[in-house]
Amino acid sequence: TQAVAVEGKYAYVGVGLRLVVLDVSNPAAMREVGATVPFPHFVEGVAISGKLAYVAAGGAGLRVVDVSDPTRPTELGAFDTRGYSEGIAVAGTTVYLADGPYGLRIFDVSTPARPREMGSAYVMNYAFEVAVAGRYAYLAAAGAGLLIADVSDPERPVEVGSLSTPGYAFGVAAAGDVVCVADGWGGLRVVSVADPSRPVETGAYQTPGWAFGVAMSGNLAYVANALSGLRIVDISDRARPTEIGAYEPRGDARDVVPAGSVVYLADRRWGLRAVQVAEPTRPREVASHSFMG
């Protein structure tokens, strides 16, 4: 279990070769309702827009899944990319794919059955994850750190800025003029992108384990921190990010999504965990769901 996205009362979880749909209307009693047939490769990333799920399926590239009936998610279209699809984001009918060794690939999915590649950027860099905010795409680019592309014209993306980080950038989240990078052994890095051509690190928090995934909600950053579980970091003071809460189950946290007062943690070993964060200083697990078969 390496990826999760939440929309409404459903969580869409990458479990091995499948996309599995859970009803999380009651987070304390998550219930599996449907699953795709296996893709040709592992699900590494998931993004949701309306009744469609977009899947970064490793060596099988981009997969488009109809989830209008959550009990019967069905693949509609696919584009087998040259790389290894690690992460994904969607805005309207445009999909942004972090395609491993081939950087950022951009697709028109206005016809879901036939995704069409429109543009690309940083094709000589390894891209693990992509986040999109406004006219910019932000890439977690392994040893290259943070890479920024202007995607206002998705057919002609422009490489505009970069920031080397001390670790290995696996995850990225963006909101306004702030970007958070899950930097592997470099922990959490907080970056100002007020001028995207000159991103500046404003502060950092050295997490106790490897930071693989990050999500932002208001002034909080939620970090999927591998063997050290979930870390909750207050980034209201950009110069001094401060951990205010942590949840350390036995497992290997890889992806994280906040949804209201609950955070969903994709645990590579133990499935999906629902963690109550109404009091961020005292996060507590309310339920977990292990996937069998």
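Does Phe-170 count as buried or exposed, and at what relative accessibility? In this predicted model, Phe-170 counts as buried, because its relative accessibility of 14% is under the 20% limit for that class.

**Aromatic rings**
- The model has 10 aromatic pairs, and in one of them the ring centres of Phe-170 and Trp-210 lie 6.3 Å apart with their planes at 35 degrees, so this pair is tilted.
- Phe-170 belongs to the loop between β16 (158–163) and β17, while Trp-210 belongs to the loop between β20 (200–205) and β21, so the pair ties together parts that are 40 residues apart in sequence.
- Trp-210 is partly exposed, with a relative accessible area of 40%, and its ring also pairs with that of Phe-212, where the centres are 6.2 Å apart and the planes stand at 40 degrees, so this pair is tilted as well.
- Phe-212 counts as buried, at 16% relative accessibility.
- One aromatic cluster is formed by Tyr-126, Phe-128, Tyr-168, Phe-170, Trp-185, Trp-210 and Phe-212.

**The largest pocket**
- The largest pocket has a volume of about 940 Å³, and of the 36 residues that line it, Ile-88, Glu-129, Val-130, Val-172 and Asp-255 lie nearest its centre.
- Sorted by class, the lining of this pocket has 26 nonpolar, 4 polar and 6 charged residues.
- At least two lining residues come from each of the strands β1 (3–7), β5 (45–49), β9 (87–91), β13, β17 (171–175), β21 and β25 (253–259).

- Strand β13 (residues 129–133), one of the strands that supply the pocket lining, is mostly covered, with 4 of its 5 residues buried.
- Strand β14 (residues 136–140) pairs with β13 in the antiparallel sense over 5 bridges, and Ala-131 has Tyr-138 in β14 as its bridge partner.
- The two strands form a hairpin with 2 residues between them, and Gly-134 in the turn has a positive phi of about 65 degrees.

**An open sheet**
- An open sheet is formed by 4 strands with antiparallel pairing, in the order β21-β22-β23-β24.
- The edges are taken by β21 (213–217) and β24 (242–247), each of which has a single partner strand, so one side of each is left without a neighbour in the sheet.
- Neighbouring strands of this sheet are turned against each other by 20 degrees on average, direction ignored.
- Within the sheet, β22 (residues 220–224) and β23 (residues 230–234) pair in the antiparallel sense over 5 bridges, and Ala-221 stands opposite Val-233 in β23.

Key. Residues are numbered from 1 along each chain as its sequence is written. This is a predicted model: local features need pLDDT of at least 70, side-chain atom pairs count only at pLDDT 80 or more; totals for chains, interfaces and linings use all residues. Side-chain values use heavy atoms; hydrogens and water are left out. Two strands pair if DSSP finds at least two bridges between them. Axes are lines fitted to C-alpha atoms, for helices over the stretch in contact, and angles run from 0 to 180 degrees between N-to-C directions. Buried means under 20% relative accessible area, exposed over 50%, partly exposed in between (1.4 Å probe, protein chains only). On a 1 Å grid over the protein atoms alone, a cavity is a set of points where a 1.4 Å probe fits but cannot get out, and a pocket is an open set with protein on both sides within 12 Å along at least five of seven lines; lining residues have an atom within 4 Å of a point. Grid points are joined across faces, edges and corners, and a volume is the space filled by probe spheres set on the points. Ala, Val, Leu, Ile, Met, Phe, Trp, Tyr, Cys and Pro count as nonpolar, Asp, Glu, Lys and Arg as charged, and the others, Gly among them, as polar. Rings of Phe, Tyr and Trp (its six-membered ring) pair if their centres lie within 6.5 Å; planes under 30 degrees apart count as stacked, over 60 as edge-to-face and the rest as tilted.
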